[in-house]
Amino acid sequence: MENSSIPKQSQSIFTHVASRQLNSFQCRKRPRFDGFVSGFNETAAIAVQHNAENSIPLSLSFCKTSKFSHILALSDEDGYMNLFDTRRNLSSSTSFEDNAEKSKICEWVTHHNAVFDVCWIKEDTQILTASGDHTMKVWDVQEKKCIGVLMGHTGSVKSMSSHPTNSDIIVSGSRDGSFRFWDLRCNSTANRFGDPNIYTSTEVVRGAHISSQAKRVRKSKAASMSITSVLCLKDQVSIATAGAVDSVLKFWDTRNLKTFVTQTCPHPQSTEKKRLHGISSLSQDDSGLFLSASCMDNRIYLYNILQLEKGPLKYFYGSQIDTFFVKASISPDAGHLVSGSSDGKAYVWQVNKPQEKPLALKSHDGEVTVVDWCPSEIGKLATASDDFTVRIWSKNSYVCDRKFPYSIRRRVMAMPRTERKVLLSSEEMCLKSEHKAFLSNETLHQPITSDIPITPPKVHTSEDRKDQLSSSFDPTESSEKTPQSTLKSPSSVLSPPSSLKRTIRDYFLASS
């Protein structure tokens, strides 16, 4: 009897202790996301049509300033320019045509040919269009009036990019195999009063992307020498170019265009003969440190501008890139990457998890071609397709980017001692920061007894943004930052101090 009562007594004791332990600690239920983005929601679907006739979209671009970043410019194969307000309330149950009427700000004919690229300039008061008629045009958005025509290319203009700090300077790439520089402050002539100015290029580089392997192929089978994408880099003197002939990216110093500064490709160290795959598009994040290249081998490669000689940092796989119309774009904060696809979907990856399966956006019914991120609304993007529609997407509101120390401890106990110490020390720092945050939250509910005046946070206006932009390129540095410490910073090449004024050319000369 006594022996039989012992298990019951011990069981009741442990049950009682366990219940006390659970009741005494209000444990937070930890989410299982750990940085995982749950998804993107479609917020609007807009038809692309004119006079009740559908048209295939070819280019997308959100405005660059925060004031107008909700405005989306769209060009199509019929030469139209469309401006949409993506903040207007659009219902998913409403037809695409009704949504287009509600959100459309204006439209006008820019070229009597397909418009392959658009580019906002001059604080979003003007927009550039690149067309299959071999020309580019400058438009006053308010008046919908052409104020300039850029002439010189002998093939369709496929890509444009404006200087990061001076939008009067433009670089363009064409199917004729050349890229050209334009300065809207000079080289212009007007035929009659009121006619748009005619601009000629200030510099031209012909045959920029003709591979040695393509030169040995017979003319009937020769690969295209088209320049598919051009990009002005943030150091203000360098540009990146890519072509249809192969996957090589070339980087040029605009002060000396006799030859490129450096080049890179997905397999920089390989000596084997590989099938040539062209690049359909280039994009860069707001910092200018990362550059993405969507390749015709169905991969999007990510490069570090300061480590080009090492080839791509990582690549993203899952989309189907069958044509040069399929583009990809990295988000402004370099957190995500979106790509169109020939299978009728768009795909989104987290940049820090390239090997994970991408999130598929499945609403389109045709090849998804062009994509673009909103520069000021995080997680907002637009996709366009051959199904004659544009879709607006927004990232789900709940995202957990934090790693909890409890889960870290469980994982690291089986690790080697040195690695365990590093991770557990980071856990202690995490706990300390949580404790400080908790204390700061407590003080919010206490009465303020300090005599020190409290300064409200400064609200940044558009003028303040100009000051911020200009200050990011200001060569004067704080006395606390030494040239040595600044040089070690990843952004030292892109925005160096005056004592270490370097460009991408200087960087690669020093590394060699």
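The model is predicted. By this definition the protein chain holds eight helices and 32 strands.

**The chain as a whole**
- The protein chain has 512 residues, and 45% of them count as buried.
- Its accessible surface comes to about 28300 Å², and carbon and sulfur atoms account for 52% of that area.
- Consider the contacts between residues at least 6 apart in sequence: 51% of these join residues at least 24 apart.

- Four strands, in the order 4-5-6-7, make up an open sheet with antiparallel pairing.
- Strand 4 (57–62) and strand 7 (104–109) are the edges of this sheet; each has a single partner strand, so one side of each is left without a neighbour in the sheet.
- From one strand to the next, the twist averages 15°.

**The pairing of strands 4 and 5**
- Five bridges link strand 4 with strand 5 (residues 71–76), and the two pair in the antiparallel sense.
- Within this part of the structure, Ser 59 stands opposite Ser 75 in strand 5.

**A helix across the sheet strands**
- Which strands does helix 2 lie across? Helix 2 (residues 96–103) lies across strand 6 (80–85) and strand 7.
- Relative to strand 7, helix 2 runs at about 90°.

Conventions
Residues are numbered from 1 along each chain as its sequence is written. This is a predicted model: local features need pLDDT of at least 70, side-chain atom pairs count only at pLDDT 80 or more; totals for chains, interfaces and linings use all residues. Side-chain values use heavy atoms; hydrogens and water are left out. Buried means under 20% relative accessible area, exposed over 50%, partly exposed in between (1.4 Å probe, protein chains only). Contact means heavy atoms within 4.5 Å. Accessible areas come from the Shrake-Rupley method with a 1.4 Å probe; for residues, only the protein chains shown count as cover. Two strands pair if DSSP finds at least two bridges between them. Axes are lines fitted to C-alpha atoms, for helices over the stretch in contact, and angles run from 0 to 180 degrees between N-to-C directions.
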